[in-house]
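Time to open the notebook and take a look at this one. I will jot down what I look up as I go.

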Number of protein chains: 2
Amino acid sequence: MNSRKRTTIYDLAKELGISPSYVSKALSNHPSVGDPIRRRVKEKAEELNYKHNSRAANLRRGKSRTIGVVVPHINQSFFSDAISGIEEICFAHNHSLVICQSHESYEKEGKAIETLIHQNVDCILISNAEETMSADHLRQITKNKIPVIQFDRCLDAFDSFKVVNDNRNVSYEAASSLIREGYRNIAFLGGPTGVKAFQDRKEGFITAIAEASLPIPYNFIVDNVLTRERGKQAALPLLRLPNRPDAIFTVSDHQSLGVMDAAASLGITIPSGLGVFGFADETFAQLVTPSLSTIDQHSMELGRKAAELYFQRIYEQDEMPETETIVILSEIRIRQSSRRQ
Amino acid sequence: MNSRKRTTIYDLAKELGISPSYVSKALSNHPSVGDPIRRRVKEKAEELNYKHNSRAANLRRGKSRTIGVVVPHINQSFFSDAISGIEEICFAHNHSLVICQSHESYEKEGKAIETLIHQNVDCILISNAEETMSADHLRQITKNKIPVIQFDRCLDAFDSFKVVNDNRNVSYEAASSLIREGYRNIAFLGGPTGVKAFQDRKEGFITAIAEASLPIPYNFIVDNVLTRERGKQAALPLLRLPNRPDAIFTVSDHQSLGVMDAAASLGITIPSGLGVFGFADETFAQLVTPSLSTIDQHSMELGRKAAELYFQRIYEQDEMPETETIVILSEIRIRQSSRRQ
DNA sequence: AATTATTATTCAATCGATTGAAATATTTAG
DNA sequence: CTAAATATTTCAATCGATTGAATAATAATT
């Protein structure tokens, strides 16, 4: 009762005068256990406050019923919403979640993966850090027979299931909307070039500009400036040019914030003097002034799909199935920052 | 090599022609293993891509080296920062983290706790949901010999280690600053009354108002309206009163957002027509217009302290030590929303 | 060379649950 | 009232690592 240790099936077995294995079967509703005994066992379990030890069970089963998730930051709406989606599906399948943050660092990402491998998780869902250019750490995962599902920020160089938005399309649309608003000199701030999502956003942007026969000066395309601070540092020189951009399309709302910082420090007003378009529809996007036009990635849906992919396509398969890329449709949210009129 | 299963110490043992237990000792740098063998074992481990299975080891050890964390939402800066602090300390002690969200629901909180108990975590750090009034679920935890540390939103009725801010003091200061700015008719929107942090914030507020000999009409104190929406619904009737408040002090930035919504819908301008003070210094607080005066809870520090409490006071003790409450100093951040001049 | 002290290595039990096979009990059929 | 069929219950191995005790091998001491 007041021993230091928790109640186990052995304790229940002794109390009830039956064997531990029978207790186990009773608790897991094994068909060979009759109703009256099953009830007695469960009552006793309740009485002694027995709690199933998943870890012991999972060791035996060879599965941990745990999914590992690695994201750059849990406090960005896109990721926390995606995690909520993942959580929802995992919960429905009685799996738990170990969440790690890479803080955009390749080194921390590697360590997180290492931990998850040690934890013997059944699958790793990952959205790569900004710094991440190599897929070596992902290869470590597959070397250990753990399936990998990349979402949003996927490394092109690494073959795995992938869940992404229709980045090309939606960026095309967003850029087109800027053009429709009358902006003519549009610059682009991008992310890590090894990540397909960012490549696609750039391509969609360029296609829209090219189709409208607008110029794209080489220095109007800046890659690898994903954060607020780097966005600001990239925007400043652009906005100081004699023929400066009259709009900037970015691949993240945080970058847009940086652009707004830069504009403010140069006394440029948004949207009249500069149009700004973000990506991800972070919580603050509708709170800033002017409110930020952006793209709703349906991140919770994206998270759900990523988790479902595991349960539907990988779980209980003993061969690793052919990989596939799932596309989640996103939507543009036009707010004040891109409305010239 | 291409078998389905991961390499274990048994595989290494067979390859090297030594016993599994010796492999284990070599890998964990047991003093009875000589240098040359240790090296050979480690090389072979590297070669066969052996990864230590923490779960198996922890089953044997009786500890899981895993800490469970339950928070209302991971996408609020306060919580995600606290988690970052917790993560930092746990990482330093080679422990991993299972993070659960209650989504402010008592039921989900209970289920999260249930999962964590099954997962056999070594300690549970929790910040309670808005709905949570009873401590029954926390008692479940201690019944299973798992130590509990409450942080920020602590239930008064449940005795445990607690880590909180100097809520009373800082609220007193914040209210005083509103008074200094010339606001005279200040209302208060609070949180769940069973939670000490919210009681203290209310007390600090009331003390400041009383000391300044200002009136506090009974209906100017509204409890239990923690979210943005509920904050808005609470603010609307107040702002429609003939003798309406000229400032509102809230216990969360989200509530403040609700107040701002209400003010906007009634055409009241902030800060001239209404002063607003928040709590927690969420990311958006400095982004909204006008920027929101609020309180920096030093949440990362708070998270760190909570985790350290476990490692310093509970870990390796076999008796549960006398509980204690740790106070983290917070700071007021005065921005535009409370500056009348 | 025999004895003791040291060092290296293996044995065997253990953590808590699961599971197929084996053993036992009970029911049904002939 | 057996034999066969069926339903209960237990055995024993297993998952992967750890650890104190036991044993084997080697070195040091006299």
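I started with DNA strand D: of the 28 residues around it, A:Ser21, A:Arg60, B:Thr8, B:Ser21 and B:Ala57 come nearest (a residue is near if its C-beta atom, placed from the backbone, lies within 6 Å). I kept in mind that this is a predicted model, where local features need pLDDT of at least 70, side-chain atom pairs count only at pLDDT 80 or more, and totals for chains, interfaces and linings use all residues. Residues are numbered from 1 along each chain as its sequence is written, while chains are lettered from A and ligands numbered from 1 in the order in which they are written.

Next I asked which elements supply this surface: H2 and H4 of chain A and H2 and H4 of chain B each give at least two residues. Helices (H or I, at least four residues) and strands (E, at least two) are DSSP runs, numbered from the N terminus.

Then I turned to DNA strand C. I found 27 residues surrounding it, and A:Thr8, A:Ser21, A:Ala57, B:Ser21 and B:Arg60 are the closest.

I also looked up how the chains meet: 35 residues of chain B are in contact with 35 residues of chain A (C-beta atoms, placed from the backbone, within 7 Å).

Notes:
Contact = placed C-beta atoms within 7 Å.
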